[in-house]
Amino acid sequence: MTFVRKHAVLLSLVVVLAIAPFLFYPVLVMKVLCFALFACAFNLLLGYTGLLSFGHAAYFGAGAYTTGYAMTAWATTPELGLLFGVVTAALLGAVFGGLAIRRQGIYFAMITLALAQMLYFFCLQAPFTGGEDGLQGVPRGKLFGLIDLGNDDVMYVFVSLVFLGGFWLIDRIIRSPFGQVLKSIRENEDRALSLGYDVDRYKLVAFVLSSALAGLAGATKTLTFGFATLTDVFWGTSGEVVLMTLVGGVGTVLGPVIGAVVIIVLQNELADKVGSWVLVILGAIFVVNVLLFRKGIVGEITARFNRT
Amino acid sequence: MSPDYILETRGLTREFSGFVAVKDVELKVRGGSIHGLIGPNGAGKTTMFNMLTKFLLPSSGSIIYRGSDITGERPARVARRGLVRSFQISSTFPHMTVLENVRIALQRKMGGSFQFWRSERALDHLHDSAIRILASVELADYANLNAVELPYGRKRALELATTLALEPELLLLDEPTQGVAHEDVGRVVALIKKFAQGRTVLMVEHNLSVVEDLCDKITVLQRGQVLAEGSYQEVSNNPQVLEAYVGVADE
Ligand SMILES: Nc1ncnc2c1ncn2[C@@H]1O[C@H](COP(=O)(O)OP(=O)(O)OP(=O)(O)O)[C@@H](O)[C@H]1O
Ligand SMILES: [Mg+2]
């Protein structure tokens with residue numbers, strides 16, 4: 001019983017994921033899952049450490065490209081491809097985070113954005129990223145050399161497991177002794193410092209963890225769709241993940257997941273009907289979000305729930 | 001330096017774009033004593049604290065703690081050496097519970113705080129000590145409330161409890177009774193007295209009866225410089241000190 005209560009959120013996600021492919025296109029659900037994981041990784045920084053990284057597509061994209069490259073050029077198995085993407089994203093996070101972490105607030109956000117833009121131009125120019133076209137036709141390969149992920153149903157199970165694993169890990173990090181320190185930094189950085197916590201080092205570790213998980217999300221996306229393109233490292237993608245997190249509820253476990261569902265489904269539904277007006281609609285949602293439901297969908301619901 | 005001084009500053013100076021907030025201060029704090037740092041508003045007391053705990057770098061001068069020069073050290077390192085401060089404006093972790101506020105201090109002493117893979121149960125064994133510390137400031141009943149929900153005086157008590165949880169060797173208190181209801185001041189004084197057994201305290205305090213009651217030695221700052229030093233008796237009879245305080249009162 002205590003097990004059920006403690007893992008209630010995770011177990012309900014398992015149930016939802018088991019039913020979802022019968023109600024929606026599995027490929028759409030997989031896309032949602034990749035972005036939901038991305039948003040959860042971002043939320044680890046914004047919601048639980050108080051750091052606004054404005055260029056998080058860099059790590060998503062780094063995972064997407066490097067996994068795509070490993071699968072195509074070296075024909076590795078998918079688990080190794082993913083690992084390569086995650087490690088690259090983590091290393092990139094260590095370098096970029098190391099450069100940005102000493103700055104506060106808006107300066108931190110600007111530096112992360114500038115560094116992400118540098119990566120974007122690198123991906124545009126570099127010989128192995130496919131330039132404007134990106135990497136196309138990335139094979140899914142056989143998991144551990146045994147299980148063929150080419151089948152969409154098998155792939156669906158795989159993506160679900162990756163997502164659940166990432167979601168569980170983030171939840172674990174938040175509650176861990178380390179997560180407590182992150183929370184104290186978010187709440188009152190000077191006080192945490194005065195207690196003897198090396199605030200910058202904790203922030204950096206959080207940044208690397210978040211980058212690695214964002215990389216995992218990007219890498220999984222490449223495997224699912226078979227391509228990695230400039231969109232994955234584009235600033236617009238960085239903006240989307242901010243939006244998903246805010247709409248769903250920053251600093252809530254489930255918020256980024258709900259936010260990803262809302263934004264991806266909207267984009268999917270509207271793309272054919274209104275074309276590039278999608279951007280305007282997303283902008284409008286952002287404005288309404290900031291003006292009317294600051295805490296996001298999940299945040300507002302919990303606040304209401306606690307009041308009654 | 002004489003070995004019974006735990007903290008010593010030499011020619012400590014801090015300027016803010018031309019304005020000298022602290023000038024050539026030679027402060028000597030004896031181990032095991034309660035040392036008061038007093039002076040009118042803007043005298044540079046908090047600036048001194050900020051330099052001692054490395055929140056501000058001195059423009060010139062040096063800081064010696066237990067015989068080692070800590071002038072260039074980082075704030076977290078100085079805190080881990082046992083030199084811990086509280087803040088003038090009450091400083092808690094607002095959206096963490098009262099218990100978690102104290103526990104985060106206990107956790108730092110225990111170590112292992114980078115362990116992001118461990119379950120929250122790794123912290124359970126700190127629960128009893130946290131409650132005991134909270135009880136000493138009469139906050140045990142509020143353990144599960146968020147710190148933000150406490151009235152101001154209780155927040156100050158929580159901040160003190162959090163600082164004491166680290167069992168610092170040298171405790172720097174910036175106006176611990178400020179904002180504490182009149183009838184609760186005695187309790188704060190008793191707590192500091194109890195804690196100071198076998199430790200050293202350097203405190204900024206405006207309430208002179210508290211200073212008289214607690215402090216073995218007092219340094220008076222005025223406009224960034226040491227005006228007088230000595231016991232409460234000596235300092236309170238010093239005509240310059242009287243003038244400095246009356247001068248302020250006149251404004
Ligand atoms: N960061 C800063 N930048 C510029 N000036 C500062 C800064 N910090 C302090 N000062 C100035 O230095 C002087 C000393 O300030 P400080 O806060 O140390 O005084 P204090 O003795 O603690 O006063 P109070 O009793 O009001 O707390 C003041 O004139 C203040 O305006
Ligand atoms: Mg002050």
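Guide: A polar contact is a pair of N or O atoms within 3.5 Å; within protein, one atom must be able to donate a hydrogen and the other to accept it, and sequence neighbours count only through two side-chain atoms. This is a predicted model, in which local features need pLDDT of at least 70 and side-chain atom pairs pLDDT 80 or more, whereas totals for chains, interfaces and linings use all residues. Residues are numbered from 1 along each chain as written, chains are lettered from A and ligands numbered from 1 in written order, and side-chain values use heavy atoms, without hydrogens or water.

Visitor: Which side chain has an N or O atom 2.8 Å from an oxygen atom of ligand 1?

Guide: That side chain belongs to B:Q88. An oxygen atom of ligand 1 also lies 2.9 Å from a side-chain N or O atom of B:N41, and an oxygen atom of the ligand is 2.9 Å from a polar backbone atom of B:G42. The protein buries 62% of the 630 Å² that ligand 1 exposes when taken alone (Shrake-Rupley areas, 1.4 Å probe).

Visitor: How many residues does the largest nonpolar core have?

Guide: Such a core joins buried Ala, Val, Leu, Ile, Met, Phe, Trp, Tyr and Cys residues through side-chain atoms within 4.5 Å. In this model the largest has 146 residues, and A:F163, B:V102 and B:M203 make the most contacts inside it. Helix 3 (residues 26-46) of chain A gives the most to this core, with 16 residues. Domain 1 (5-92 + 167-250) and domain 2 (93-149) of chain B both contribute residues, so the core lies between them; the domain bounds come from an automatic or database assignment.

Visitor: Is A:A75 buried or exposed?

Guide: Buried means under 20% relative accessible area, exposed over 50%, and partly exposed in between (1.4 Å probe, protein chains only). A:A75 is exposed, at 59% relative accessibility. The residue sits in the loop between helix 4 (57-73) and helix 5 (78-100) of chain A.

Visitor: What should be noted about the phi of A:A75?

Guide: Most residues other than glycine have a negative phi. A:A75 has a positive phi of about 50° although it is not a glycine. B:S17, also not a glycine, has a positive phi of about 35°. B:S17 lies in the loop between strand 1 (5-16) and strand 2 of chain B, and is exposed, with a relative accessible area of 82%.

Visitor: Where is A:G296 placed?

Guide: A:G296 belongs to helix 14 (residues 296-307) of chain A and is buried, at 0% relative accessible area.

How values were computed
Helix = DSSP H or I, 4+ residues; strand = E, 2+ residues; numbered from the N terminus.
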